[in-house]
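Me: I have a model open on my screen and would like to learn how to read it. Could you take me through it feature by feature?

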Amino acid sequence: MTGFRWVAGYAMTNAAVKRDRLTQRRKALGLTQEDLAGLLEVERSTVARWERGKSAPLPWIRPKLARALGVSLDRLEKLLAISEAAADRPAPTVPRQLPAAVAGFTGRVAELAALTAVLDDARDAEPGTVVISAIGGTAGVGKTALALHWAHQVADEFPDGQLYVNLRGYDPDQPVAAADALAAFLRSLGVPGRDIPNDEAERAARYRSLLAGKRAILVLDNASTVEQVRPLLPGHPRCVVIVTSRDSLAGLVARNGAQRLDLDLLPLRDALALLRQLIGARVDAEPVAAVTMVRQCARLPLALRVAAELAAARRRVPLAELVSELRDQRKRLDLLHAGGDPATSVRAVFSWSTGRLSEEAARMFRLLGLHPGPDISVPAAASLAALGEADARAVLGELARAHLIAEHVPGRYAFHDLLRAYAAEQARHTDSDTSRREATGRVLDHYLHTAARAAVLLNPAKEPVVLAPPRPGAAASQLADYPQALAWFEAERRVLLAAVSLAAESGFQRHAWQVPWALASFLRIRGHYREYAATQRTALAAATRLDDTAGQALSSRLLAIACTDLGDHDQARDHFVTSLTRYHQAADRLGEAKVHQNLGVLAERQARYADALAHAEQALCLYQAIGHKAGQAAALNSIGWDHGLLGDYQQARAFCRQSLTLCAETGNRWLQAGVWDSLGYAERHLGNYADADTCYQRSLSILRESGDRLNEAGTL
């Protein structure tokens, strides 16, 4: 078709159709097509198509067009009338089925640009190829809003029709079958009901025939499966198809060449802009509360719209008060429910997604709500659900395809806080207290036993701790060497910090003091001193609740080290004294030796070098008494260092060389770095600068290899 006459939503074909009065009015005002396009913020080609009768201005732009032409809306309708010559010609129906765009659409600039690139692909497509864009994302992320916003923007590019169907793939009612969608499309394309074939394949063939050679856009909304979509695909490259789904529709990508566009949560700036669009100046009047509300809504557009409706209904209530009500995650889902419409209930739309999961995937989703977060690895998820790693990976893959979790880095999965709250709620409603506690225990066992293995790989001289065996179904990750241990701690640091809090809050007190013990060396060499101190305070409280003398002694000592690093020397000394008392009660001479060595470091920080030397010598005696060679090596290094601080550089060098010999015997490279640094100090003060340089370089090499930033800085 080359031209249309528009009457009440229908078009009439005629090669000579014009809107002469519209053109005359524009020219009478001295406006070119470019001038009018600039006033309306549209393309010149859009104005040209209006004047040629190939398309009509959409309702939302007509008031703006009337103002630009200086006429009333009634007068504009007359200007838009087609020339009389074409008034009585017959024409087929051209469907204009797009629902209204979502009000207050904000952001998604990159995504809109990606969709616009689809038009270029359609122009360059090979014969028989249909350009398909599949918009995926979690429930409530704004897939439909994006599709409709873009479709309205480019509607003029598709003069032969705009088809839309809501396939209801995730609604609680029966999804729309492809055959039913085809029947609706055929009717909209002018096929009488009696002429619509009964067979789905025949309907699809008739549908493709009607669209052949035409330029149309199809929006297939809320698809749940590829089977719902494939029969609705036209066969001509001038058509563009936009599919939205919570599923990844991998088959559509693989077989039909669909281009995937995965929607993430809104960036903070865009989320705030959306909230401002919806509730206005209150966002700027209470900026802190507004940011908090956006975060409570997980930057999820649906949740933001429901929260805005809540704020609008309580106009006189400060945002800060609403934020306070939303703080409790258990109540948040109750508040994020707009009236009686399930489509605007965050909980309801989540339930429609989970309702289509397999039994194992639904169970994994619930259990992930018990995990402390912020993300989880495959081995940890396997322990959480008592599955093998291969099975856990498959189940996590199903959840990712349903956009209920995201694999944000390879092998690590996460979901936003509202989905976490919903998952935890479902676990409370579905799983027994016993099964939930067992799952929590399994995942804590995984983290404890893996962290313990990693801690010894980082520091072979680390004090031993007796761990209970892991529960059935829980397993530690098998780390082989120092680099793997360091990488594991880096990846799991925030999870381990959350696991410490979870263990303390849920009654797993042994984990609450033993996980911090395993974390200590890593947090210290990476310079996370405040996290080190906070976890050890939790550990000491947990060991005290258990009345575990060994746990109290160790946690007090590690907390004292953290206080020393933070410069809180008085607290450090108090905790060292407590630790020494507990070790003495337990007749733990290794522990006593370590405390004396640590007291030596504290004395050195306070410039009490003679006291530091005395503590180091006492530590050496205790280590020698129990035959602990790794401890002796550490104490000899401390003695050498302290002699150096006291100005006796010959003695410093002699003791450090003894330490280096023992380090070689025990294979403790972590300590070797410190000894080479101490030797460098002694050689420098003895005037042996070349030897000092060699010592420092050896220290630096080991420290960089081990990732020990704290001591690397000192050596530098």
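Reply: Let's begin with overall extent: the radius of gyration is taken over C-alpha atoms, and the globule rule is 2.2 Å times the number of residues to the power 0.38. Here, a compact globule of 716 residues would have a radius of gyration near 27 Å, whereas the protein chain has 35 Å. Along the principal axes, its C-alpha atoms fill a box of roughly 110 × 60 × 55 Å.

Me: What should I keep in mind about the origin of these values?

Reply: This is a predicted model, in which local features need pLDDT of at least 70 and side-chain atom pairs count only at pLDDT 80 or more, while totals for chains, interfaces and linings use all residues. Residues are numbered from 1 along each chain as its sequence is written, and side-chain values use heavy atoms, with hydrogens and water left out.

Me: How many helices and strands are there in the protein chain?

Reply: The general idea is that helices (H or I, at least four residues) and strands (E, at least two) are DSSP runs, numbered from the N terminus. In this protein chain there are 35 helices and eight strands.

Me: In which order do the five strands of the open sheet come?

Reply: Two strands pair if DSSP finds at least two bridges between them. The five strands of this open sheet are ordered S2-S3-S4-S1-S5, with parallel pairing. Strand S2 (162–166) and strand S5 (259–262) are at the edges with a single partner strand each, so one side of each has no neighbour in the sheet. From one strand to the next, the twist averages 15°. For a detail to find on screen, take strand S1 (residues 131–136) and strand S4 (residues 240–245), which pair in the parallel sense over six bridges. There, Ala134 is opposite Val243 in S4.

Me: Which helix lies across S2 and strand S3?

Reply: For angles, axes are lines fitted to C-alpha atoms, for helices over the stretch in contact, and angles run from 0 to 180 degrees between N-to-C directions. Contact itself means heavy atoms within 4.5 Å. The helix you want is H8 (residues 178–188), which lies across S2 and strand S3 (217–223) and runs at about 150° to S2.

Me: And what does the three-stranded open sheet look like, in which order and with what pairing?

Reply: Its order is S6-S8-S7, and the pairing is antiparallel. At its edges are strand S6 (376–377) and strand S7 (406–409), each pairing on one side only. S6 is joined by two bridges to strand S8 (residues 412–414), and Ile376 stands opposite Tyr413 in S8. S7 and S8 are also antiparallel, over two bridges, with Ala414 in S8 as the bridge partner of Ala406. These two strands form a hairpin with two residues between them, and Gly411 in the turn has a positive phi of about 85°.

Me: How do I read the packing of two helices?

Reply: Start with the angle: under 35 degrees counts as roughly parallel, over 145 as roughly antiparallel, 65 to 115 as roughly perpendicular and the rest as oblique. Take helix H33 (residues 669–685) and helix H34 (residues 689–706), whose axes come within 8 Å and cross at roughly 160°. That makes H33 roughly antiparallel to H34. Among the residues that make the contact are Trp676 and Tyr681 of H33 and Tyr696 and Ile702 of H34.

Me: What classes of residue does the contact of H33 with H34 have?

Reply: Ala, Val, Leu, Ile, Met, Phe, Trp, Tyr, Cys and Pro count as nonpolar, Asp, Glu, Lys and Arg as charged, and the others, Gly among them, as polar. This contact has 10 nonpolar, three polar and seven charged residues.

Me: At what angle do helix H12 and H14 pack?

Reply: Helix H12 (residues 268–279) and H14 pack at about 105°, their axes 10 Å apart. H12 and H14 are therefore roughly perpendicular to each other. The contact involves Leu268, Ala271, Leu272 and Leu275 of H12 with Ala290, Val291, Met293, Val294 and Arg295 of H14. By class, these are eight nonpolar, no polar and one charged.

Me: Finally, which backbone details deserve a look?

Reply: Most residues other than glycine have a negative phi, and most peptide bonds are trans. Glu41, a residue other than glycine, has a positive phi near 60°; look for Glu41 in the loop between helix H2 (33–40) and helix H3 (44–52). The peptide bond from Gly373 to Pro374 is cis, with omega near 10°, and Pro374 is in the loop between helix H19 (359–368) and S6.
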